[in-house]
Amino acid sequence: EATSEEERARLRHEIEAVARDLGARGQVAPPPPWITVPPQAPTVGKWELARRLSNISGWEPPDDEDDKDHKDDQIVPEPGSTGQQPQVRSV
């Protein structure tokens with residue numbers, strides 16, 4: 001056994017004292033090591049859930065990181081167009 005019962009009681013008292021002190025300061029103390037909590041499932045926001053439900057194809061859009069690689073891409077003008085903006089004459 002790594003620690004005696006007395007040592008465990010002392011450590012427990014110290015950890016609980018730190019938790020009380022943090023609570024008095026308005027902070028939340030982490031759970032003590034003897035309390036195990038199963039990991040919580042990530043919460044999905046309303047809009048993310050609506051997007052997933054409305055996506056019947058299962059296609060996932062690319063991440064924003066992919067867009068930075070194509071920032072410098074230019075738009076190709078339609079065939080027959082000069083690619084220039086029309087000029088407006090004032091009369």
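Patches are made of residues with over 30% relative accessible area and no salt bridge; like charges are joined within 9 Å, and nonpolar side chains (Val, Leu, Ile, Met, Phe, Trp, Tyr) within 5 Å. Accessible areas come from the Shrake-Rupley method with a 1.4 Å probe, and for residues only the protein chains shown count as cover. One nonpolar patch on the surface is formed by I15, W34, I35 and V37. Together they have about 350 Å² of accessible area.

This is a predicted model, in which local features need pLDDT of at least 70, side-chain atom pairs count only at pLDDT 80 or more, and totals for chains, interfaces and linings use all residues. Residues are numbered from 1 along each chain as its sequence is written, and side-chain values use heavy atoms, with hydrogens and water left out.

**Fold and confidence**

The chain has three helices and zero strands. Helices (H or I, at least four residues) and strands (E, at least two) are DSSP runs, numbered from the N terminus. The order from the N terminus is α-α-α.

Confidence is given as pLDDT, the predictor's score for each residue from 0 to 100. The chain averages 77, and 70% of the residues score at least 70. Among the elements, α1 has the highest mean pLDDT (91) and helix α3 (residues 64-68) the lowest (58).

Helix α1 has 20 residues. From its first C-alpha to its last, α1 reaches 29 Å, close to the expected 28 Å at 1.5 Å a residue. That expected span is 1.5 Å times one less than the number of residues. Just after α1, G26 takes a positive phi of about 85°.

**Surface**

How much of the chain is buried? Buried residues make up 1% of its 91 residues. Here buried means under 20% relative accessible area, exposed over 50%, and partly exposed in between (1.4 Å probe, protein chains only). The chain exposes about 9500 Å², and carbon and sulfur atoms supply 54% of this area. I35, one of the patch residues, is found in the loop between α1 and α2. I35 is partly exposed, at 45% relative accessibility.

**Salt bridges**

Side chains of opposite charge can pair when their charged atoms come close. The structure holds six salt bridges. Each is a side-chain nitrogen of Lys or Arg within 4 Å of a carboxyl oxygen of Asp or Glu.

| Salt bridge | N to O distance |
|---|---|
| R10 and E7 | 2.9 Å |
| R12 and E16 | 3.3 Å |
| E48 and R51 | 2.8 Å |

R10 and E7 both lie in helix α1 (residues 5-24). They are three residues apart, about one turn of the helix. R10 is partly exposed at 41% relative accessible area, and E7 is partly exposed at 30%.

R12 and E16 also lie in α1, four residues apart, again about one turn. R12 is partly exposed, with a relative accessible area of 39%. E16 is partly exposed too, with 32%.

Where do E48 and R51 sit? Both are in helix α2 (residues 46-54), three residues apart, so about one helical turn separates them. E48 is partly exposed at 29% relative accessible area, and R51 is partly exposed at 30%.
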